[in-house]
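Trainee: Please take me through one part of this structure closely. I would like to look at how its side chains pair.

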Amino acid sequence: MENTDVSSLMGKGMDFLTEYGPKVIGAIIIYIIGSWVISKIVKLARKGMSKSNYDESLQKFLLNLIGWALKIFLIIIVISKLGVETTSFAAIIAAAGLAIGLALQGSLSNFAGGVLLMIFKPYKIGDLVEAQGVLGSVKEIEIFTTKLITPQNKLAIVPNGAMANGNIINYTAEGKMRVDTSVGIGYGEDMKKAKEVLLAMLVANPKVLKDPAPSVNVEELADSSVNLAVRPFCKPEDYWDVYFATIEGSKIALDNAKIEIPYPHEVQINK
């Protein structure tokens, strides 16, 4: 009796191997060859994009999209080789996709935002931008998020949905930035001389652009000082160097010219 059971099990096992073995082996072979082909296609696409001078962030986005699309297609072929009806499988995927889509509405919004950012390119890697209350240099543009490095060297990760639907200030796009500073002088000081001294200080700074030319103008007649708007232009990467140099240089230049800079708390007293 036991020998009969063993023989029966072995027979069923052989029948199973005979029926499904070739399918499993074929599916494995298809997966291995398909994975190799996909890697080659992605490499060729990368070379083609590099030769066509595609934007770096766009390259990463498109290569990820191509890779995932081909992998999903390969998985469908492998499952079909195992004997699973592709129509039923497609229905399952559609139902699962709907459920996942409802659960991940925010992520899909970020995905759509990433696509829009790649198409319209409001910024690229390396640009200094301000968006969603964050100021920083673009480190990476991914499918769902944009990574920014703040001036404090902190990593800020902003969802692409918010980036695509909000205001974006790109400080790098025009290749130059205006540095806004101001300095006050006493009412009794020579205003014309102060403007000449400050302008000479700006022109002497090699990081201050000649075009547009820097300017010094009266900004405000305050309670205890005449405030001058000191406005140099510079490259975006030189912004902070020029900002701090302008503040320090203004103080030194006015001191050397014997022009008084009133204290902020100074009060005019009528006698």
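Mentor: Side-chain pairs

The structure holds six aromatic pairs. Rings of Phe, Tyr and Trp (its six-membered ring) pair if their centres lie within 6.5 Å; planes under 30 degrees apart count as stacked, over 60 as edge-to-face and the rest as tilted. In one of the pairs, the ring centres of Trp-240 and Tyr-243 are 5.7 Å apart and the planes stand at 80°, so this pair is edge-to-face.

This is a predicted model, in which local features need pLDDT of at least 70 and side-chain atom pairs count only at pLDDT 80 or more, while totals for chains, interfaces and linings use all residues. Residues are numbered from 1 along each chain as its sequence is written, and side-chain values use heavy atoms, with hydrogens and water left out.

Both Trp-240 and Tyr-243 belong to helix α7 (residues 239-256), where they are three residues apart, about one turn of the helix. Helices (H or I, at least four residues) and strands (E, at least two) are DSSP runs, numbered from the N terminus. Trp-240 has 43% relative accessibility and counts as partly exposed; Tyr-243, with a relative accessible area of 23%, is partly exposed too. Here buried means under 20% relative accessible area, exposed over 50%, and partly exposed in between (1.4 Å probe, protein chains only).

Tyr-243 also pairs with Phe-244: the ring centres are 5.3 Å apart and the planes are at 80°, so that pair is edge-to-face. Ring pairs join Tyr-239, Trp-240, Tyr-243 and Phe-244 into a cluster.

Now to the charged side chains. Side chains of opposite charge can pair when their charged atoms come close. A salt bridge is a side-chain nitrogen of Lys or Arg within 4 Å of a carboxyl oxygen of Asp or Glu, and by this rule the count comes to seven. One of them joins Glu-142 to Lys-147, at 3.4 Å from N to O; Glu-142 is partly exposed, at 27% relative accessible area.

Asp-180 takes part in a salt bridge with Arg-178 (2.7 Å, N to O) and in another with Arg-231 (3.3 Å, N to O). Arg-231 is buried, with a relative accessible area of 14%, whereas Asp-180 is partly exposed at 38% and Arg-178 is partly exposed at 44%. A network of salt bridges links Arg-178, Asp-180, Glu-219 and Arg-231.
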